[in-house]
Amino acid sequence: MSADTIFALATPAGRSGVAVFRLSGPRSGEVLETLTGRPLPRPREAIRRRLFSSAATDEHRILLDDALVIYFRAPASFTGEDVVELHVHGGPAIIAAIGKALSAAGLRLAEAGEFTRRAFDHGKLDLLEIEGLADLIAAETEAQRRQALRQAEGELSALYESWRGALISALARMEAAIDFPDEDLPVDLIALVDETLRVLAREIETHLADDHRGEMLREGYSVAIIGAPNVGKSSLLNRLAGREAAIVSARAGTTRDVIEVKLDLAGYPVLVADTAGLRESPDEIEQEGVARALKRAEFADLKLIVFDGAVWPDFDPAIAERIDEAAIVVLNKAEFVADPDPAIAGRPLLKVSAKTGLGLDALVAALTGRAAAALNPGAQPALTRLRHRAALERCLGALNRGRTAPVVELKAEDLRLAVQALGRITGRVEVDDVLDLIFREFCIGK
Ligand SMILES: Nc1nc2c(c(=O)[nH]1)N(C=O)[C@@H](CNc1ccc(C(=O)N[C@@H](CCC(=O)O)C(=O)O)cc1)CN2
Ligand SMILES: Nc1nc2c(ncn2[C@@H]2O[C@H](COP(=O)(O)OP(=O)(O)OP(=O)(O)O)[C@@H](O)[C@H]2O)c(=O)[nH]1
Ligand SMILES: [Mg+2]
């Protein structure tokens, strides 16, 4: 399919114990023979070989490295093409020399994602599996790794393909009703199809009503720390991060920009944002900071609202008004607080001290609990991108239109759109081909 042979360093540039070059395309094997000066090894077996720069005569060739090489013969490879791996010593000069030798052999440096693109073109991976693979490589926490691996292994593809299959067979039945109205089809055929569609629509709705857990797990659970100036928001952020991420000072109005740190709480990714203290200010830079703080709070999955123990039981009522069901409310500088059960409007405050560490474990536990509740995966694989959600919504819309359409021809048209929307998610669509196949089968003997 792809005429040219590409190569790339599959491991990060720089110094490492071992670096891996990957080649893919029809000339991979021949180039391996040239580099080693030996016949191809058996496919899929790692073997030690010396690699040489090519030269007119054997005496003039230069030894490049002592390597481990693997040859994969098409189609049994990651890309479905002939693939070669060169596991070389990971030094910059070696990497440069091997790269030069591969270019000299006429191979082209791969573009970003080109190996995976070829795997898709050869039907090795569908779009969901590819996205899963990308997420797997990007995963920074255990829960992200698990979700990505499930998707890379095809769980989500299998779910959507099963829905697509059910739709296609419903469609085939309807096509039969349209094209062969005189054949003795069951009278209640349309009623049966409608029932299938009803069940399917419910299943897709349930899948969509997931409170975005899969998408949030990919992106991170977003927490905004807000409160009046000087209450210790930046100090709390630094405590949570375990490093001095934000500037702390005794002066009110220190923080202006939103400062975000990534936490890994029991395997869940949590993005905690420190923000400017909320107050009216004549300073326009500080005002901009407050505007950014409010915006971040609005889009956060959770607000961590901080009050100042040094002035307790005094507090800013405007900030107390921002307390909602979802917020975690803390009273910082708790070493100043004698009150054993501080509360605002009946809402208990968690006593913490960014200075002494008091209550920090309880705060981390509360954050972890919220993140876990919002992100924890269900039995069903989660949809992980807006792309999936948008396509499923399109599918569901068409499905529901089809269910209520008065004429069978209109029903069929809507179902075709629904099938297409699902097929776009995996990228494995040849709707008409599949339909033809199933339709032919359905009509056998008629
Ligand atoms: N050295 C190395 N490690 C690696 C990879 C790789 O390409 N090379 N992978 C790559 O990202 C991952 C493993 N994934 C792979 C997926 C498919 C095939 C493969 O050869 N597939 C063939 C044969 C299937 C089989 O026999 O199991 C195929 O699909 O036809 C290889 C690795 C992670 N580790
Ligand atoms: N005693 C005590 N002081 C604290 C505590 N947390 C923060 N502080 C002090 O309170 C002052 C303000 O802390 P910051 O973390 O900068 O407060 P902030 O809420 O980020 O302030 P702005 O960025 O101005 O809104 C600093 O002098 C901190 O050292 C605490 O738990 N106990
Ligand atoms: Mg601050």
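This is a predicted model: local features need pLDDT of at least 70, side-chain atom pairs count only at pLDDT 80 or more; totals for chains, interfaces and linings use all residues.

Reader: Okay, let's start with α1. Which of its residues are buried?
Author: Helix α1, which spans residues 28-36, has S28, G29, V31, L32 and L35 as its buried residues. Looking down the axis of α1, you would find these buried residues within an arc of 160 degrees, so they line one face of the helix.

Reader: And what covers the buried residues of α1?
Author: The cover includes the strands β2 (16-24), β3 (47-52), β4 (63-72) and β5 (83-90), together with the helix α2 (92-104). After α1 comes G37, which has a positive phi near 70 degrees.

Reader: You mentioned α2, so how many residues does that helix have, and how far does it reach?
Author: Helix α2 is built from 13 residues, and the distance from its first C-alpha to its last is 18 Å, close to the 18 Å expected at 1.5 Å a residue.

Reader: Which residues of α2 are buried, and which exposed ones are on the face turned away from them?
Author: In α2 the buried residues are I95, I98, A101 and L102. They cover an arc of only 130 degrees around the axis, which puts them on the same side of α2. The face turned away from that buried side carries P92, A93, A96, K100, S103 and A104, which are exposed.

Reader: Why would residues three or four places apart point the same way?
Author: An α-helix has 3.6 residues a turn, so residues three or four places apart point the same way.

Reader: What do the buried residues of α2 pack against?
Author: They pack against β1 (6-9), β2, α1, β3, β4 and β5.

Reader: What about I94, where is it and what does it touch?
Author: I94 belongs to helix α2, and it is partly exposed, because 17 other C-beta atoms lie within 10 Å, while a residue needs 20 or more to be buried and 12 or fewer to be exposed. Not counting residues up to four places away in sequence, I94 touches L64, D65, V88 and H89. Between I94 and M174, which are 80 residues apart in sequence, the C-alpha to C-alpha distance is 63 Å.

Reader: Changing topic, which residues are around ligand 1?
Author: Around ligand 1 you will find F72, P75, A76, S77, F78, E85 and K124. By class, this shell has four nonpolar residues, one polar residue and two charged ones.

Reader: Can you tell me more about E85, for instance which residues it is in contact with?
Author: E85 is part of strand β5, and it is buried, with 22 other C-beta atoms within 10 Å. Leaving aside neighbours within four places in sequence, E85 is in contact with V20, F21, R22, V69 and I70. An unreviewed UniProt entry also gives the feature "binding site" at R22, E85, K124 and K446.

Reader: And P75, what is the peptide bond from A74 to P75 like, cis or trans?
Author: That bond is cis, with omega near 5 degrees, and P75 is located in the loop between β4 and β5. A cis peptide bond also joins W312 and P313, with omega about 10 degrees. As background, most peptide bonds are trans, and most residues other than glycine have a negative phi.

Reader: Which residue other than glycine has a positive phi near 50 degrees?
Author: That residue is A345, which sits in the loop between β12 and β13 (347-348) and is exposed, with 8 other C-beta atoms within 10 Å. K333 is not a glycine either, and its phi is positive, about 55 degrees; K333, however, counts as buried, with 24 C-beta neighbours inside 10 Å.

Reader: Last one: which residues come nearest to ligand 2?
Author: Of the 22 residues around ligand 2, those that come nearest are G232, S234, S235, T255 and G277. Helix α9 (residues 233-241) gives the most to this shell, with three residues, and by class the shell has seven nonpolar, 11 polar and four charged residues.

Definitions and conventions
Residues are numbered from 1 along each chain as its sequence is written. Chains are lettered from A and ligands numbered from 1 in the order in which they are written. A residue is near a molecule or strand if its C-beta atom, placed from the backbone, lies within 6 Å of it. Helices (H or I, at least four residues) and strands (E, at least two) are DSSP runs, numbered from the N terminus. Ala, Val, Leu, Ile, Met, Phe, Trp, Tyr, Cys and Pro count as nonpolar, Asp, Glu, Lys and Arg as charged, and the others, Gly among them, as polar. The arc is that of the directions from the helix axis to the C-beta atoms. Two residues are in contact if their C-beta atoms, placed from the backbone, lie within 7 Å. The expected span of a helix is 1.5 Å times one less than its number of residues. UniProt positions are given in the numbering used here, feature names are shortened, and annotations may be inferred rather than shown by experiment.
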